[in-house]
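My entries follow in the order of the look-ups.

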Amino acid sequence: MPGTNKDCATCIIARCREIATHTEVPGEITRRFLTPPMHAVHALLHQWMEAAGMTVHTDAIGNLRGLWLSPVANAPRLVIGSHLDTVPNAGAFDGILGVVMGITIVEELRERQPPFSIEVIGFSEEEGVRFSKAFLGSLAVAGKLDPETLQRTDQDGVSIAEAIYNYGLDPANLPAAVLSRDAFAYLEFHIEQGPILESEGISLGIVEALVGQTRMQLLFEGHANHAGTTPMHLRHDAMAAAAEFVVAVEAYATAHEGLVATVGKLEASPGVGNVIAGRVKTSLDIRHADDNTRRAAVDALTQIAKTAATRRGVTLTLRTEMEQSAVPLDPHLTTLLHRAAAQAGYPSRRMTSGAGHDAMILAPTIPSTMLFLRSPGGLSHHPDEAVLPQDVEAALATAMEFLALLSPELSDDKTKDSHA
Ligand code: HGY
Ligand code: MN
Ligand code: MN
């Protein structure tokens, strides 16, 4: 219900924490694409959206879509969204904060009769945990989900198509998930997930661009053998090859300004202490604001992996799971958002996002902008992830100023058919 920014901020945080109780793993926050706890999350958000005067439906990829229609006939549509899924053992705000902010803005704004409608989208899959394919929800909304992708399977052999059916949806309806043609702008609120805003003592970040990222899977295959009887010079040790690669990833990224590279996952088999590892599968996540620098890093690091494998008589298989170019956000909307923060009385700083977000998938289709909220301790993808009430207040006040600035833009049709 409408209230002061302070009340709303407290309510937003409480709502995020309530959503966080719906998890696949009791005692931690884990909510992957279309898993059972998503039904409870949808039910709760549906209730809040309907109470805010929105019509609500779930599209064929499992995005929850709430629409508040402006009383102005043929009004264009502002889209506000973020994701509902989480990484394993996550915090309570990554993604969901942006969806709850959208609902609160509708609660606050509908009394003011803005000349545009508002669609709030809770994207079903941004992290890419269950099927190693990120952004399924926003790709479907952008009309860029390759039908082939529906055949990808999770660790239990369930395909994306089956997961959609199991959730009670029908992949045949995916074309209806595409963004409405009356949508003129996309706005995403998200925690920064890094240390910059906190280090500068400010609440808000205005995102100008998102770094490009490459995500890969590397499979090192040697020969399992007895750990006690196999001399060192006769081994084909997949773990040693992978370990040399992992250390080289850290060294290479440390030596290249602005580059981050991470091996977050390593699975060894047979995975027992007295057997030389025959197979080791690792992840590789490489990110940089400049696509050429990132691609050069991919080439260099995969070459290092090949050398480490060959020297041990180990084979290497590479699989690219994501190749996402760096994405600039809309300069005009970004300038408006920066001005809105100032008008609301809050310092903010322009910045690049090191994390991926649904905005990077929508930005090529519709003018998009993002507002970051400070991450205490620079922490995210961790149970201690948090957000400060005063920063939520700042984001809400900025949002209200932004929407007021946005309204006059509509009068000169500058943004109509912007994604025609
Ligand atoms: O990993 C990321 O960039 C984001 O949290 N999905
Ligand atoms: Mn995340
Ligand atoms: Mn996120």
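**Entry 1: ligand 1**

I began with R287, where a polar side-chain atom lies 2.5 Å from an oxygen atom of ligand 1. I count a polar contact as a pair of N or O atoms within 3.5 Å; within protein, one must be able to donate a hydrogen and the other to accept it, and residues adjacent in sequence count only if both atoms are side-chain atoms. The protein buries 94% of the 210 Å² that ligand 1 exposes when taken alone (Shrake-Rupley method, 1.4 Å probe; for residues, only the protein chains shown count as cover).

The model is predicted, so I note the limits: local features need pLDDT of at least 70, side-chain atom pairs count only at pLDDT 80 or more, and totals for chains, interfaces and linings use all residues. Residues are numbered from 1 along each chain as its sequence is written, chains are lettered from A and ligands numbered from 1 in the order in which they are written, and side-chain values use heavy atoms, with hydrogens and water left out.

I found two further contacts to ligand 1. R215 places a polar side-chain atom 3.3 Å from an oxygen atom of the ligand, and E127 places one 3.0 Å from a nitrogen atom.

I then listed the shell, taking residues with a heavy atom within 4 Å. The residues are E126, E127, Q193, Q213, R215, R287, A355, G356 and H381. Domain 1 (4-210 + 326-405) and domain 2 (212-324) each supply at least three residues of this shell; the bounds come from an automatic or database domain assignment.

**Entry 2: manganese ions**

Which protein donors does the manganese ion (ligand 2) have? I find D94 (OD), E127 (OE) and H381 (NE2), at 2.0 to 2.1 Å. Donors here are N, O and S atoms within 2.8 Å of the metal (3.2 Å for Na, K and Ca); water is not among the atoms, so sites may look incomplete. Along the chain the spacing is D-x32-E-x253-H.

For the manganese ion (ligand 3) I find H83 (NE2), D94 (OD) and H190 (NE2), at 2.0 to 2.2 Å, with the spacing H-x10-D-x95-H. D94 bridges the two manganese ions, which lie 3.4 Å apart.

**Entry 3: cysteines**

I searched the whole structure for disulfides (cysteine sulfur atoms within 2.5 Å) and found zero. The closest cysteine sulfur to that of C8 is in C11, 6.8 Å away, so it is too far for a bond. For C16 the closest is also in C11, at 9.4 Å, again too far. C8 is buried at 4% relative accessible area, and C16 is buried at 0% (buried is under 20%, exposed over 50%, partly exposed in between; 1.4 Å probe, protein chains only).
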